[in-house]
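Student: I would like to go through this structure with you. Please tie each label to its definition.

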Amino acid sequence: MNQEELKKKVGIESAKYIKDGMIVGLGTGSTARHMIEEVARRVREENLNIVGVTTSNETTKLAKSLGIPLKEIDEVPFVDVVIDGADEISADFQGIKGGGAALLFEKIVASYAKRVIWIVDKSKMVNYLGEFPLPVEVVKYGSENLFRLFEDKGYNPTFRMNKNEKLTTDGGHYIIDLHLGKIKEPLALSDELSKTVGVVEHGLFTNMVNVVIVGKEEVVETLVAR
Ligand SMILES: O=C[C@H](O)[C@H](O)[C@H](O)COP(=O)(O)O
């Protein structure tokens with residue numbers, strides 16, 4: 001079974017957590033896409049009655065094209081469940097997200113969610129976070145200085161590019177990716193980045209996930225955080 005098939009498997013499995021009447025956070029990326037397609041199928045074929053809240057412009061476009069009813073995040077007081085992909089997940093359920101540049105809206109939706117479910121193929125499960133570059137979303141004003149600050153700290157920063165230009169996120173910011181290799185203390189780094197002026201948000205999602213659905217060759221494994 002190739003990686004794409006594993007992603008599809010967990011996407012379909014995760015949609016089973018969605019029940020009639022729910023407000024559902026719709027994640028972003030190639031794995032979340034499969035979940036969104038399955039949700040749309042259930043809306044169409046099973047008359048599933050839900051409202052989606054999206055986590056990126058890309059997901060809004062996809063969900064609209066598939067006919068999923070949507071509301072803006074500010075039109076709902078909470079989200080029942082958000083289902084999203086991830087770039088890395090460690091054994092203690094900490095994660096890195098933002099490989100698709102959607103971390104800010106994803107974290108906002110997750111922070112209003114009663115339940116957070118991540119769907120990944122087995123390659124995303126790691127012993128330590130950090131091999132995947134950690135995305136940091138920053139205000140454009142002063143971002144070169146912030147870049148130099150990260151350089152001085154030895155964080156090996158690179159600006160996320162879109163062709164020859166710096167990529168601008170859905171929120172109108174830049175992303176600086178930190179190439180850290182191994183993040184020894186995710187919680188401490190999360191605090192440090194959150195306190196850094198000019199940082200809007202970062203891709204460390206600490207103590208946020210409730211359920212992780214992992215696609216493996218033979219089985220789909222469901223891990224529940226304590
Ligand atoms: O910004 C993007 C998101 O955090 C994605 O959920 C994450 O990058 C995983 O994406 P994919 O399922 O395409 O690997």
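Student: What makes you say that helix 1 lies across strand 6, and at about what angle does it run?

Tutor: This is a predicted model, in which local features need pLDDT of at least 70, side-chain atom pairs count only at pLDDT 80 or more, and totals for chains, interfaces and linings use all residues. Residues are numbered from 1 along each chain as its sequence is written. Helix 1 covers residues 3–14 and lies across strand 3, strand 6, strand 15 (211–215) and strand 16. Contact means C-beta atoms, placed from the backbone, within 7 Å. Helix 1 runs at about 155° to strand 6. Angles run from 0 to 180 degrees between N-to-C directions, with axes as lines fitted to C-alpha atoms, for helices over the stretch in contact.

Student: Which helix lies across strand 2?

Tutor: Helix 3 (residues 57–65) does, and also lies across strand 1 (23–26). Its angle to strand 2 is about 155°.

Student: How do you know that strand 3 and strand 6 pair?

Tutor: Pairing requires at least two bridges found by DSSP. Strand 3 (residues 79–84) and strand 6 (residues 113–121) share 5 bridges, so they pair by that rule. The sense is parallel. The numbering counts DSSP runs from the N terminus: helices are H or I with at least four residues, strands E with at least two.

Student: Why are strand 2 and strand 16 called edges?

Tutor: The open sheet has 6 strands in the order 2-1-3-6-15-16, with mixed pairing. Strand 2 (51–54) and strand 16 (220–224) each have a single partner strand, so one side of each is left without a neighbour in the sheet. From one strand to the next, the twist averages 20°.

Student: What is the strand order in the open sheet of 4 strands?

Tutor: The order is 7-4-5-14, again with mixed pairing. Strand 7 (125–126) and strand 14 (204–205) are the edge strands, each pairing on one side only. Strand 4 (residues 88–90) and strand 7 run parallel, joined by 2 bridges. At least two are needed, so this pair qualifies. Ile-89 has Met-125 of strand 7 as its bridge partner.

Student: What makes a residue part of the shell around the ligand, and how many residues surround the ligand?

Tutor: The C-beta atom, placed from the backbone, must lie within 6 Å of the molecule. There are 18 such residues, and Gly-29, Thr-31, Gly-85, Gly-99 and Gly-100 are the closest. Helix 2 (30–46) and helix 4 (103–111) are the elements giving two or more residues. Helix 2 has the largest share, 3 residues.

Student: How many shell residues are polar?

Tutor: 9 are polar, with 5 nonpolar and 4 charged. Ala, Val, Leu, Ile, Met, Phe, Trp, Tyr, Cys and Pro count as nonpolar; Asp, Glu, Lys and Arg as charged; the others, Gly among them, as polar.

Student: What is the average pLDDT of the protein?

Tutor: The average is 97, and 100% of the residues score at least 70. pLDDT is the predictor's confidence in each residue, from 0 to 100. The model also scores ipTM 0.98 and pTM 0.97.

Methods: Contact = placed C-beta atoms within 7 Å.
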